[in-house]
Amino acid sequence: MSDAQPEPLVLSSPEQFKALGHPVRHRMVNALRQRPATLRQLSTALGLAKGTIGYHVRVLREAGLVRLSETRHVRGGTEQYFALVSEAFTFHEDVQGGAQFLINAALGEMLPARPGQAEHTVLRHLWLSPDEAHALAARLREQAAEPHTVDSSRGEPYGLLVSLFPADIPTLDRDTPAPAPAPGSGSGSGSGSDEAD
């Protein structure tokens with residue numbers, strides 16, 4: 001039995017981004033990452049009417065993100081189970097704005113931490129050579145690709161947003177020693193001012 005992870009779905013079409021950009025559909029995708037579900041189960045999980053859920057599932061299916069995975073015969077009819085085409089998504093290399101899309105998605109998920117909950121957010125800036133930046137990006141990709149269990153019985157969900165990006169930071173020239181005062185400039189004469197530049 002292979003432990004290989006399925007290939008991520010490569011996002012490239014406007015329909016896919018429009019489908020994922022809606023907050024209800026984004027939450028639905030996160031629910032379906034746990035397991036396939038029926039419209040009724042999704043309705044209960046998201047707290048929305050079954051008809052509303054049905055509409056959003058249809059949008060996700062038409063965008064190629066969700067598929068019908070199973071049909072079960074139950075008393076009084078059939079139940080359809082919907083699943084993600086892939087549990088992991090990635091952006092096509094030609095897609096612009098992928099990082100912004102992910103940041104907006106993370107902001108939409110972010111909840112204020114309750115007392116006792118773990119939470120840590122920090123923004124740091126690093127000065128890296130091109131080789132150092134590529135090496136760090138590779139390490140972050142490796143860590144993000146580590147398999148993880150999606151199991152709601154183990155605890156509460158947390159989000160982890162990891163981003164290495166070229167930053168718009170003004171750069172000062174390297175500090176140089178101040179020039180020596182010119183002769184007769186009044187240094188130490190008592191007539192100087194306390195004002196700074």
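**Helix packing and aromatic contacts**

I begin with a contact between two helices: Lys18, Ala19, Leu20 and Gly21 of α1 meet Pro23, Arg25, His26 and Val29 of α2. By residue type, this contact of α1 with α2 comprises four nonpolar, two polar and two charged residues. Please bear in mind throughout that we are looking at a predicted model.

How do these two helices pack? Helix α1 covers residues 14–21 and helix α2 covers residues 23–32; their axes are 5 Å apart and the angle is about 90°. Angles of 65 to 115 degrees count as roughly perpendicular, and α1 and α2 therefore fall in that class.

Read from the N terminus, the order of the elements is β-α-α-α-α-β-β-β-α-α. Of the 197 residues in the chain, 20% count as buried. If we take contacts between residues at least 6 apart in sequence, 59% of them join residues at least 24 apart.

Is histidine 26 buried or exposed? Its relative accessible area is 17%, and the cut-off for a buried residue is under 20%, so histidine 26 is buried. Leaving aside residues up to four places away in sequence, histidine 26 touches Leu20, Ala105 and Glu109.

I turn next to the aromatic rings. How many aromatic pairs does the structure hold? The number is three, and I shall describe two of them here.

In the pair formed by phenylalanine 17 and phenylalanine 91, the ring centres are 5.7 Å apart and the planes stand at 5°. Planes under 30 degrees apart count as stacked, so this pair is stacked. Phenylalanine 17 belongs to helix α1 and phenylalanine 91 to strand β4, residues 89–91, so the pair ties together parts that are 74 residues apart in sequence. As for accessibility, phenylalanine 17 counts as buried at 18%, whereas phenylalanine 91 is partly exposed, with a relative accessible area of 23%.

Phenylalanine 91 also pairs with phenylalanine 101; here the centres are 6.1 Å apart and the planes stand at 80°, so the arrangement is edge-to-face. This pair links distant parts of the chain, with phenylalanine 91 in strand β4 and phenylalanine 101 in helix α5, residues 98–109, at a separation of 10 residues. Phenylalanine 101 is partly exposed, with a relative accessible area of 21%. Through these ring pairs, Phe17, Phe91 and Phe101 are linked into a cluster.

Two arginines also lie over aromatic rings. Arginine 33 lies over the face of phenylalanine 89, at 5.3 Å from the ring centre. Arginine 72 lies over the face of tyrosine 81, at 4.3 Å from the ring centre.

Which residues of α3 are buried? They are Gln41, Leu42, Ser43 and Leu46. The buried residues of this helix pack against α2, against α4 (50–62) and against β3 (77–84). Just after α3, glycine 47 takes a positive phi of about 70°.

The axes of α3 and α4 come within 9 Å and cross at roughly 110°. These two helices are therefore roughly perpendicular to each other. From α3, the residues Leu39, Arg40, Leu42, Ser43 and Leu46 meet Lys50, Ile53, Gly54 and Val57 in α4. By type, the residues of this contact divide into five nonpolar, two polar and two charged.

To close, I would recall two points. Helices α1 and α2 are roughly perpendicular to each other, and Phe17, Phe91 and Phe101 are joined by ring pairs into a cluster. Thank you for your attention.

Key
Residues are numbered from 1 along each chain as its sequence is written. This is a predicted model: local features need pLDDT of at least 70, side-chain atom pairs count only at pLDDT 80 or more; totals for chains, interfaces and linings use all residues. Side-chain values use heavy atoms; hydrogens and water are left out. Axes are lines fitted to C-alpha atoms, for helices over the stretch in contact, and angles run from 0 to 180 degrees between N-to-C directions. Helices (H or I, at least four residues) and strands (E, at least two) are DSSP runs, numbered from the N terminus. Angles under 35 degrees count as roughly parallel, over 145 as roughly antiparallel, 65 to 115 as roughly perpendicular and the rest as oblique. Contact means heavy atoms within 4.5 Å. Ala, Val, Leu, Ile, Met, Phe, Trp, Tyr, Cys and Pro count as nonpolar, Asp, Glu, Lys and Arg as charged, and the others, Gly among them, as polar. Rings of Phe, Tyr and Trp (its six-membered ring) pair if their centres lie within 6.5 Å; planes under 30 degrees apart count as stacked, over 60 as edge-to-face and the rest as tilted. Buried means under 20% relative accessible area, exposed over 50%, partly exposed in between (1.4 Å probe, protein chains only). A charge sits over a ring if NZ of Lys or CZ of Arg is within 6 Å of the ring centre and within 35 degrees of the ring normal.
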